[in-house]
Amino acid sequence: MQQLEPAVQEKINQWLQGSYDETTKKEIQQLLDDQKYTDLTDAFYRDLEFGTGGLRGIMGAGSNRVNKYTIGTATQGLSNYLKKTYPNEQIKVAIAHDSRNNADFFAKTTADVFSANGIHVYFFKALRPTPELSYAIRTLGCKSGVMLTASHNPKEYNGYKAYDEYGGQFVSPADTNVMNEVSAIKTIDEVKFDRIEENVELIGEEIDAKYLKDILTLSVSNEAIQRQKDLKIVYSPIHGTGITLVPKALAEFGFENVILVDEQATPDGNFPTVVYPNPEEKEAMTLSLKKAKETDADLVLATDPDGDRVGIAVKDDKNEWILLNGNQTGSLLLNYLMTAWEESGKLTGKEYVVKTVVTTYLIDKIAASKNISCYNTLTGFKYIGQLITELLGKEVFIAGGEESYGYLVGAFSRDKDAVVSAAFISEMTAFYKDKGSSLYEALVEMYLKYGLYKEKLISITKKGKSGAEEIKAMIEKFRTTPPKQLGGSKVVVLKDYEKGVETDLNSGKTSKLDFPTSDVLQFITEDGSIISARPSGTEPKIKFYCSVNGPLESKETYNETAQKLEDKIDTIMKDLNV
């Protein structure tokens, strides 16, 4: 008969005998009575780890679950960190939550603990998108903030994103210091749960109005919007927070024909119409595309539950709806903004855009052609946010983005922002329509001018302890014996972000990479292909980001050239022998 490991049983006993509520204890006892040992082991075999971005996990009773007590412990640790970091100061924080089940309860728990620690809490009285929380932290002079969300994970999950005083997620060394404070809490009795009501201040519509007013100042094609105000935009918040601000933002910008996907317009933590509430998933866009066909729309927009990612669909040259990937949308958006700034005489030589090292290098090429700086950061939008803060007052930020559907226009937030992105993707569509072009035609024109860039993410899953060891061995092998050739082209540069070294494989010369340490390898070939290998920090996966490119001779050869590049990616993966 299956038995519980002694360490798991000991942790269960601590919860059954400790200062936990009766409902929680009953839930655990029921699992014991029903001999659900696998479930109990998963719930108690470890403490849910507070990582660099906060917490994320399945909801339920247990030390490895998201619940009142793991949320409370995280908040107590963050409170301790803030009080040590800002002694003798009045500390203010902001809290928001998305549409997930229990997110409002976890937000209240977070507010309770902060307030009990003498910290002033600005509490959004109803669900709001992640980027608005980032904006509120900066606008209200907070030292930190928390967003209760599990982004686009399935409905069983919830989570806790912790932010710094600049409105970005914590970066080194602060992230480690916060994690240390959280892990230093050894018993639930150390957590102050007794809310001090006068320390909690409700916020909402006044922040919405200020935020919308600010992002409207960024608009660069007002006249085109006025002429194209009837542009048909289909929008779905996929049961999430986008419904609170995206339609309002589109209206503020001047769009008068926004068509909601009704089946997905109501916030609902069960996400009843989708498997994964993620605009990166084709299945999540099905209802939006159906509505677009019915209404003969110009553009489809869909945002994830916490309103930081946006996916889009456009009509191709055959009038068929196609989904654009994150690299295509990011390239189009940044190209539009750089072009619009150039055409309106706004460029002074101090402007820049920013992206991650695994995002298309087409953006670098476009920026170079316009004498705009293009910075690259490690994967994770917090690094983009950090750079924006560092360059404030020195250089002018236009926009930034990453391949995983996250973009930011203007420096009002420090996180990816689907609200401002949806507004500017719509503005971009109006801009091109005003010139007699569709977004698809603009995409092909961009490729004609700068070359056709094709990107693909390939994830390989290796489960369990042996899988983790396999992934480690795989990345180590690439590190010590990099491939000589990929896709028929010689590998000429190896970038090792863990060692912080770039090696010219022809001459053997090395130079320093100015990045924080991260387990990422990049191979660059003679013909400009870039292959990045990166073990996932949260899943048993190794990810390969392949970027290949070549000239596009004519519009007519677009599909043929794209297929050749797709075949080249397949060859590269075979050459990597994974």
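Contact here means heavy atoms within 4.5 Å. I'm keeping that in mind for everything below, and I'm also noting that this is a predicted model.

**Entry 1: Ser 144**

I started with Ser 144, which sits in strand E4, residues 144-148. I wanted to know who touches it once neighbours within four places in sequence are set aside. The list is Leu 78, Leu 82, Lys 92, Val 93, Ala 94, Ile 137, Tyr 163, Asp 164, Glu 165 and Phe 170. Next I asked myself: is Ser 144 buried or exposed? Its relative accessibility is 0%, and buried means under 20%, so Ser 144 counts as buried. I also looked at where its side chain goes, and found that it reaches the backbone oxygen of Tyr 163 at 2.7 Å.

**Entry 2: H1 against H3**

Then I moved to two helices, H1 (residues 6-17) and H3 (residues 37-44). They pack at an angle of about 80°, and their axes are 9 Å apart. That makes H1 roughly perpendicular to H3. Which residues make the contact? From H1 I wrote down Val 8, Lys 11, Ile 12 and Trp 15, and from H3 Leu 40, Thr 41 and Phe 44. Sorted by class, this contact has five nonpolar residues, one polar and one charged.

Leaving out residues up to four places away in sequence, Thr 24 touches Trp 15, Ala 61 and Tyr 69. Thr 24 is buried, with a relative accessible area of 11%.

Gln 30 is also in H2, which runs over residues 22-33. At 44% relative accessibility, I have to call Gln 30 partly exposed. I checked a distance from here too: the C-alpha atoms of Gln 30 and Leu 127 are separated by 33 Å, and the two residues are 97 apart along the chain.

**Entry 3: the two sides of H11**

Helix H11 covers residues 286-295, and I listed its buried residues as Ser 288, Leu 289, Lys 291, Ala 292 and Thr 295. Why do they end up on the same side of H11? They cover an arc of only 160° around the axis, and that puts them there. I turned the helix around in my viewer and found the exposed residues Lys 293 and Glu 294 on the face turned away from the buried side.

What do the buried residues of H11 pack against? I noted five strands: E7 (233-236), E8 (258-260), E9 (299-303), E10 (310-315) and E11 (321-323). Just after H11, Asp 296 takes a positive phi of about 50°.

Most residues other than glycine have a negative phi, and most peptide bonds are trans.

His 239 is not a glycine, yet its phi is positive, at about 65°. I found His 239 in the loop between E7 and helix H10 (242-253). At 2% relative accessibility, it counts as buried.

Asn 577 is not a glycine either, and it has a positive phi of about 60°. It lies in the segment after helix H18 (558-576). With 65% relative accessibility, Asn 577 counts as exposed.

My last stop was a peptide bond. Ser 172 and Pro 173 are joined by a cis one, with omega at about 0°. Pro 173 is in the loop between strand E5 (157-163) and helix H7 (174-183).

Note on methods:
Residues are numbered from 1 along each chain as its sequence is written. This is a predicted model: local features need pLDDT of at least 70, side-chain atom pairs count only at pLDDT 80 or more; totals for chains, interfaces and linings use all residues. Side-chain values use heavy atoms; hydrogens and water are left out. Buried means under 20% relative accessible area, exposed over 50%, partly exposed in between (1.4 Å probe, protein chains only). Helices (H or I, at least four residues) and strands (E, at least two) are DSSP runs, numbered from the N terminus. The arc is that of the directions from the helix axis to the C-beta atoms. Axes are lines fitted to C-alpha atoms, for helices over the stretch in contact, and angles run from 0 to 180 degrees between N-to-C directions. Angles under 35 degrees count as roughly parallel, over 145 as roughly antiparallel, 65 to 115 as roughly perpendicular and the rest as oblique. Ala, Val, Leu, Ile, Met, Phe, Trp, Tyr, Cys and Pro count as nonpolar, Asp, Glu, Lys and Arg as charged, and the others, Gly among them, as polar. A polar contact is a pair of N or O atoms within 3.5 Å; within protein, one must be able to donate a hydrogen and the other to accept it, and residues adjacent in sequence count only if both atoms are side-chain atoms.
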